[in-house]
Amino acid sequence: MAKMKFLCDSERCIECNGCVTACKNANETEWGIQRRRVVTIDDGEPNETSISVACMHCTDAPCMAVCPTDCFYQTDDGIVLHDKDLCIGCGYCLFACPFGAPQFPKQGAFGERGKMDKCTFCAGGPEEDPAKQKAKYGANRIAEGKLPLCAEMCSTKALLAGDAQTVSDIFRERVVYRGHKDGAWSSLDSEKAVPGEMSQQQMAALADELAVDAGNIIAKA
Amino acid sequence: MMIKTIQHNSRLTAGGCFTVLLLALTAFMFAFSGDVSAADQATEKVQGNFAGADYWRSVSDGTEGYTTSQGAEHGQLINVDGERWRHWRNKWISPGGLIAIGGSLGLLVLVYLTLGCMKLDKPRTGRLVLRWGLFDRAMHWFVAITFLTLAFSGLNILYGKHFIPEYFGYDIWKNLIALSKFLHNYIGPVFSVGLLVMIVRWFGHNFFNMTDLKWFIQGGGLIGNKHPSAGFLNGGEKGWFWALTILGLVVVGSGLVLDFPLFGQTRNDMQTANLIHGGVSLLLVAVSLGHIYIGTIGSEGALEGMKTGYVDETWAKQHHDLWYEEVKDQIKEPAGEEKSATEKGNTGRA
Ligand code: HEM
Ligand code: SF4
Ligand code: SF4
């Protein structure tokens, strides 16, 4: 069974906010709600790095564990969805979420927040009628056999969405082709590894090493 | 191998570090597979797999960056405290509350089975002493009813999901939990006002004195065969007053922080307020059961004072002898109607 995950390759992300716009457009979220955001660390400095974040569809989801109404559920694909009819807007999911994904249309006295909204991996929500589903939860592209629009529209293909295994494979391959010692996580400070200057053997050895490491990532899934 | 490379690469710049963000994020989400209860555990897993402690520290310390999103705290990438809160709430507060409330209930059942209801030791005289005026009674029931509403709705918010949907179905659960949140969040401030008025009004009655010390030494009458002396309020009642005052103010304070998220409270502030609120309120509920027990089935004649304002002379003598001495001149002769009720053997009186 596929396990759906997002992965953002920060070496590629150029902070164009295309994913944010694509998401907003696909899901027509309420005013003030932005399911995806791009965060830039060290903005304006030489080592500036951007990353696109939304709900990461955690395997053992903290939001799910604390929700007083138990309105979350995980699809067979590992997508974390919630039932807005049941949600009471208590904010607990937001307090628990590591990524600040859940959002609310308002923030009022007496804890009036309205219904929680978050990224659905473009998988809609628990509503039979497609029109109502679209209005309440946004697009259900998964039902149409499509991946989330944010990843589909990413201009640099930094943001990947799909089966964890496939996404990791793509990423691992990139890491190998980048070909420097620190693999995924350093374009600076690498000692060797100018792509094209490596011998076949070096490439193979590196690929092997990296494959093992990336394997660790997905072994946890 | 990779990990070593990173940890020992002293020239690794901060920028180099942040390029691993994606991996940290992935790591974090994968780290949530299995039962990861403590944030520490999650941290360890991530550290073990991807990067050095320095890197992890910088992201999980809540490193903030620039974002166009206007959402609160959206510049922060990872908030590990969420996991910590989840752990404390679900693994400590939640079972802890059950133990406290269950333990309290169990103890009271045991007390009832062994001691039974504390009866009046002499027959009623039918002569009534004014104990609580209208204002005091109204205030008491105002606080009691709002308290119980908050207790039931609060318990539902914490425990309801474990059994109500299963036994009563989706629709009942949906309405009940929405009602609970509504009542809890709106009655909370109402209760707070009542509690403050009560504290101010009854403060003066509740200073401990030597009589109360002796009352406690005799276990309120359980130790020895003589009922200990007491003034208007006995040691136990004063104890309950102070428990309610102290725990109640903490519950009210933390409750207001949760109820009015309008002053820039962060997620972490809300987590802290929730843990304090949950923990202390559950303790308060556990203690309140003792008060409710004594006021109702635990001792004969106590409830009528808070219902009608008057207590029987016999009850006053038995439970609050010093106070009785003070007020015995003002005793009301039984009115015809009340007299016939008492003569018929106190039927209808709790
Ligand atoms: C003394 C009576 C009270 C009791 C027994 C009580 C109990 C509780 C409990 C058990 C919870 C659930 C905690 C959790 O799920 O982790 C809760 C939540 C909460 N309480 Fe109270 N509480 C009381 C008074 C108050 C007061 C006075 C206020 C406000 C002024 C208040 C405001 C809240 C809020 C805002 C929440 C969060 C739930 C939500 O927003 O839906 N509570 N309370
Ligand atoms: S809302 Fe947050 S905690 Fe819940 S699955 Fe998404 S990222 Fe995980
Ligand atoms: S805000 Fe809604 S979804 Fe989030 S924990 Fe509360 S009830 Fe559940």
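How many nonpolar, polar and charged residues does the lining of the largest cavity have? The lining has 21 nonpolar, 11 polar and 4 charged residues. The model described in this report is predicted.

## The largest cavity

Rolling a probe the size of a water molecule over the atoms shows where empty space is left. In this model the count comes to 9 cavities of 30 Å³ or more. The largest cavity has a volume of about 710 Å³. It is lined by 36 residues, and those closest to the centre of the cavity are B:G154, B:I157, B:H184, B:L258 and B:H277.

The largest share of the lining, 9 residues, comes from α11(B).

## Chain B and residue B:T146

Chain B has 15 helices and 3 strands. Of the 350 residues of this chain, 49% count as buried. Among contacts in chain B between residues at least 6 apart in sequence, 74% join residues at least 24 apart. The chain exposes about 17200 Å², and carbon and sulfur atoms supply 66% of that area.

Is B:T146 buried or exposed? B:T146 counts as buried because its relative accessibility is 7%, which is under the cut-off of 20%. Leaving aside neighbours within four places in sequence, B:T146 is in contact with B:I187, B:V190 and B:F191.

## The second largest pocket

The second largest pocket has a volume of about 450 Å³. Of the 22 residues that line this pocket, A:L94, A:F104, A:Q107, B:G71 and B:A72 lie nearest its centre. The elements that give two or more residues to the lining are α3 of chain A and α11 of chain B.

By class, the lining of the second largest pocket has 8 nonpolar, 10 polar and 4 charged residues.

Which residues are the closest to ligand 3? Of the 14 residues that surround ligand 3, the closest are A:C67, A:C87, A:C90, A:G91 and A:C93. The shell around ligand 3 has 11 nonpolar, 3 polar and no charged residues.

Ligand 2 is surrounded by 14 residues, with A:C55, A:M56, A:C58, A:C63 and A:C97 the closest. The shell around ligand 2 divides into 12 nonpolar residues, 1 polar residue and 1 charged residue.

## Residue A:R141

Where is A:R141 placed in chain A? A:R141 is in the loop between α4 (130-137) and α5 (149-153). This residue is buried, with a relative accessible area of 13%; the cut-off for a buried residue is under 20%.

When residues up to four places away in sequence are not counted, A:R141 touches A:C122, A:K146, A:L147, A:P148, A:L149 and A:E152.

Definitions and conventions
Residues are numbered from 1 along each chain as its sequence is written. Chains are lettered from A and ligands numbered from 1 in the order in which they are written. This is a predicted model: local features need pLDDT of at least 70, side-chain atom pairs count only at pLDDT 80 or more; totals for chains, interfaces and linings use all residues. Side-chain values use heavy atoms; hydrogens and water are left out. On a 1 Å grid over the protein atoms alone, a cavity is a set of points where a 1.4 Å probe fits but cannot get out, and a pocket is an open set with protein on both sides within 12 Å along at least five of seven lines; lining residues have an atom within 4 Å of a point. Grid points are joined across faces, edges and corners, and a volume is the space filled by probe spheres set on the points. Helices (H or I, at least four residues) and strands (E, at least two) are DSSP runs, numbered from the N terminus. Ala, Val, Leu, Ile, Met, Phe, Trp, Tyr, Cys and Pro count as nonpolar, Asp, Glu, Lys and Arg as charged, and the others, Gly among them, as polar. Buried means under 20% relative accessible area, exposed over 50%, partly exposed in between (1.4 Å probe, protein chains only). Contact means heavy atoms within 4.5 Å. Accessible areas come from the Shrake-Rupley method with a 1.4 Å probe; for residues, only the protein chains shown count as cover. A residue is near a molecule or strand if one of its heavy atoms lies within 4 Å of it.
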